[in-house]
Amino acid sequence: MDKTNLKTTLKLIVCILLATFILDKVIYFTFNFLSDKVLSGQAIGKLNHYIITKDTIDVVAFGNSRTNRHINTQKISSSGFNMGVDGTSIAYSATLIKMLPKNKEQIIIVNVDTKNAFKDSYSGDDVNRLNVRYHRDKIIKREIDNVNLDDYIQKFYWSKGYNGKVLGILKNVFIPKYDYRTYYGYDPIYVNDTQKQIFQNYLKYSDPEVDCLDSYTMNSLYRYYLKEMKVFCEENKKKLILITAPLYRDSCKEDNSKFTKILKEIDIEYYDYSDLFIENNLMKYWKDEIHLSNEGAEVFSDTLQELLVTPL
Amino acid sequence: MLFNSIEFLLFFPIVFLLYWFVFNKRLKYQNILLLLASYIFYGWWDWRFLSLILFSSFVDYFTGLKIHSSENKKVRKRWLILSLFSNLGLLGVFKYYNFFASSFYDLMLGFGWQVDDLTLHIILPVGISFYTFQTLSYTIDIYRKEFKPTKDIISFFTYISFFPQLVAGPIERASNLLPQMEVKRVFKQKWFNEGAFQILIGLFRKIVIADNLGAYVDTIYNNSEIHNSSSLIIATIFYAFQIYYDFAGYSDIAIGSAKLLGFKFNQNFNLPYFSKSITEFWRRWHMSLSFWLRDYLYISLGGNRKGIIITYRNLMITMLLGGLWHGSSWNFVVWGAIHGVVLSCEKFIFSYKKTSTFGFIGYITTFLIVLLSWVFFRAKDLNTSILIIKKIIHFDFLMPFIGDANNVTISIVMLMIGIFFDFFLYKNKYNLEDLGSTFGEFKFVSLSTLIIVLLILFYSTSNNFIYFQF
């Protein structure tokens with residue numbers, strides 16, 4: 001490569017890096033500004049809503065879509081909030097719990113799926129769902145760094161945190177999905193005809209028997225997050241309760257019993273509701289094998305209400 | 001190593017810098033670096049299978065020289081057969097043994113005879129179909145006296161394993177790539193701009209368009225029995241674009257990377273969905289494979305020189321084997337058969353009507369036929385394919401399954417951008433391969449910046465490139 005080519009090539013590369021760096025920051029700060037206005041939608045709005053209400057709520061439920069769709073926290077407390085978000089797991093929940101106010105009495109419900117606790121492959125990467133606030137929140141930054149999710153691209157291009165969220169933010173800025181003032185995080189599923197047909201077909205074609213795992217050793221990262229949540233809650237006057245929401249069928253119960261045993265050992269209160277509907281398993285309670293319909297969710301929420309009626 | 005991985009993002013700049021600044025003094029050094037880099041690139045997946053590439057390379061290097069050195073037709077043929085036997089033998093064992101063993105087992109069972117299960121636990125070596133076809137073209141060309149073998153073993157081994165095209169093509173023939181391996185490469189600014197721009201477009205096509213579409217396609221096709229016809233139609237249309245942008249994207253990155261290292265590959269995709277017939281489609285889709293099949297299989301079988309019936313037979317054999325090349329499953333055979341039948345019909349119609357196009361309606365019929373064939377390409381087995389076709393035919397007008405609405409929205413918006421860009425290329429008769437060098441510096445930087453920002457904001461966590469499995 002001669003000097004002229006080297007000069008031109010370097011110039012192009014530097015210009016592209018510089019232009020992308022500047023444009024990235026413009027996009028990042030623009031979307032920070034816009035997203036702060038967004039208080040509806042799962043990806044950004046719910047997190048923002050949680051951040052502004054976390055200091056005033058007294059019951060909060062964490063977990064994945066089986067929390068979001070199943071637990072009506074308003075039945076437990078009028079200042080309850082459901083912080084369940086699709087596709088998240090224990091790392092995400094633990095990080096959000098650590099953002100709660102210190103020394104304020106609160107009931108923390110964490111919905112867990114016991115099988116996930118025994119997966120070797122669990123890497124805590126669900127915490128990455130919070131990377132939209134990586135550069136803005138010390139706790140989130142620490143927790144993301146903690147699971148070795150060092151993302152060098154994101155350290156250069158900050159707007160990577162908004163990956164996949166841009167259209168949702170723009171939509172919710174102009175047309176909010178719901179009025180956040182009357183929203184408390186619970187999204188029951190009103191099952192439509194297509195969903196009913198899909199579930200009926202699923203039951204027709206699928207094998208009800210599932211293979212159990214070969215071994216039941218709890219994932220070390222999972223165990224770490226359980227302990228972190230416990231310590232934080234104990235030190236900050238919070239009551240931590242773990243639950244497992246109902247399943248349409250759960251042919252392998254070894255993980256449930258092993259999980260119950262481990263939680264007893266580490267002294268965390270745990271209630272397994274996976275078989276809640278085993279005696280009266282009506283189709284109207286279900287959207288699919290793992291998600292309750294609005295009717296099923298109301299029954300389940302009533303059960304939780306009975307459990308938690310005792311005041312703090 | 002995948003092109004869309006962090007490893008490659010570090011690997012390629014290191015190779016690029018060493019190539020142009022440290023190993024640039026002599027041709028031999030350049031080739032040794034490329035050979036080592038290619039073996040690292042392949043070994044990153046599984047170093048044990050490097051032995052197969054080495055074996056193929058050794059066999060074809062020596063058989064090539066032997067074929068060339070002999071004037072005796074029988075001797076030449078013997079060496080060619082050795083090359084064919086070795087290469088196709090490896091491909092047969094690793095790719096097709098289990099398919100034929102299980103088909104034989106099923107057939108016997110059909111007759112009511114119980115035989116032992118003969119299948120073996122074999123891993124399919126990545127890229128074996130691609131480099132096998134590449135090495136075969138070398139010995140066949142020498143046998144046909146269309147190409148002279150090289151004595152430079154380093155150049156030859158580098159040609160076989162050259163990392164931009166090793167695992168998923170384009171299938172570069174020796175006649176194009178090997179002469180480039182034998183001359184010292186000189187950095188060309190024009191090629192740098194073209195290559196870099198094509199890599200960015202390739203990444204956009206792959207990790208933004210194809211991978212976003214793939215999320216919906218996987219959801220529907222992995223449980224096709226539970227979904228309604230509307231969902232299956234949408235998923236099939238999405239898949240048509242997913243596989244195109246996935247493979248064309250891969251080819252763009254391969255061609256662009258090669259250009260940055262001073263090599264010019266042939267075009268592999270030329271806007272195939274803008275075809276007015278299946279015949280035209282195959283001149284635009286996976287061109288390195290379709291031209292390979294034409295030159296080494298169809299023409300070897302007699303092509304269209306032996307009468308109309310033999311021509312149709314040759315077309316069918318070529319397409320059936322072309323289907324089987326993609327994977328050892330009856331689905332791929334049916335996929336090839338659909339294309340073979342339609343190609344034969346078109347040949348008949350074109351010769352009868354003395355025309356070579358169906359006009360505007362051809363765009364629609366071609367896309368619909370390709371769409372139908374993709375069902376077989378994507379479904380997990382033949383029964384599932386038939387079930388999907390039946391469901392689509394019995395259209396039930398139910399609401400499609402949407403799933404992640406955000407993902408579906410992004411998929412559609414990004415797909416529109418992709419189609420718009422392709423239409424722009426088609427309308428203006430631009431070649432993507434040359435586009436980067438037509439921009440001034442400001443435009444080049446601006447467009448590159450725009451693409452990088454789109455990549456950051458809309459990439460999807462990706463799967464392997466679809467064509468890796470072939």
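Domain bounds here come from an automatic or database domain assignment. On that basis chain B splits into domain 1 (6-184) and domain 2, which is built from two stretches (190-276 + 358-469). Everything below refers to a predicted model, where local features need pLDDT of at least 70, side-chain atom pairs count only at pLDDT 80 or more, and totals for chains, interfaces and linings use all residues. Residues are numbered from 1 along each chain as its sequence is written, chains are lettered from A in the order in which they are written, and side-chain values use heavy atoms, with hydrogens and water left out.

Start with the two domains of chain B. Taken over C-alpha atoms, the centres of domain 1 and domain 2 of chain B sit 28 Å apart. Counting a contact as heavy atoms within 4.5 Å, 23 residues of domain 1 of chain B touch 18 residues of domain 2 of chain B. The size of an interface is often given as the accessible area lost when the parts come together. Buried area is used that way here: the accessible area (1.4 Å probe) that two parts lose on being put together, summed over both. For the two domains of chain B the figure is about 1,800 Å², with 70% of it on carbon and sulfur atoms.

As for charge pairing, a salt bridge is taken as a side-chain nitrogen of Lys or Arg within 4 Å of a carboxyl oxygen of Asp or Glu. By that rule zero salt bridges cross between domain 1 and domain 2 of chain B. Polar contacts (a pair of N or O atoms within 3.5 Å; within protein, one must be able to donate a hydrogen and the other to accept it, and residues adjacent in sequence count only if both atoms are side-chain atoms) do turn up, in six residue pairs with both residues at pLDDT 80 or more. Helices (H or I, at least four residues) are DSSP runs, numbered from the N terminus.

Next, the contact between chains. Here 35 residues of chain B meet 30 residues of chain A, and the area buried between the two chains is about 3,000 Å², 72% of it from carbon and sulfur atoms. Ile226(B), Ile456(B) and Leu457(B) supply 21% of the area that chain B buries against chain A, more than any other three residues. The rule finds one salt bridge across this interface: Glu441(B) and Lys11(A) pair at 2.9 Å, N to O. Ten residue pairs are in polar contact between chain B and chain A, both residues being at pLDDT 80 or more. On the chain B side, the elements giving two or more residues are α1, α9, α17 (405-427) and α19 (441-458), with α19(B) giving the most at eleven residues. That side of chain B divides into 22 nonpolar, nine polar and four charged residues.

One residue of chain A that reaches chain B is Lys160(A): beyond its neighbours within four places in sequence, Lys160(A) contacts Asp24(A), Asp151(A), Ile153(A), Gln154(A), Ile456(B) and Tyr459(B). Lys160(A) lies in the loop between α7 (152-156) and α8 (166-174) of chain A. With buried meaning under 20% relative accessible area, exposed over 50% and partly exposed in between (1.4 Å probe, protein chains only), Lys160(A) counts as buried at 11%.

Over all chains, the salt-bridge count comes to 33. In chain B, Asp211(B) pairs with Lys206(B) at 2.9 Å, N to O; Asp211(B) is buried at 6% relative accessible area, and Lys206(B) is buried at 0%. Glu194(B) and Lys190(B) also form a salt bridge, at 2.9 Å, N to O. These two are four residues apart in helix α9 (residues 189-221) of chain B, so about one helical turn separates Glu194(B) from Lys190(B). Glu194(B) is buried at 1%, whereas Lys190(B) is partly exposed at 47%.

In chain A, Asp255(A) and Lys115(A) form a salt bridge at 3.5 Å, N to O. This pair links distant parts of the chain, 140 residues apart, with Asp255(A) in helix α11 (residues 254-265) and Lys115(A) in helix α5 (residues 114-117). Asp255(A) is buried at 0%, while Lys115(A) is partly exposed at 30%.

Terms used
Ala, Val, Leu, Ile, Met, Phe, Trp, Tyr, Cys and Pro count as nonpolar, Asp, Glu, Lys and Arg as charged, and the others, Gly among them, as polar.
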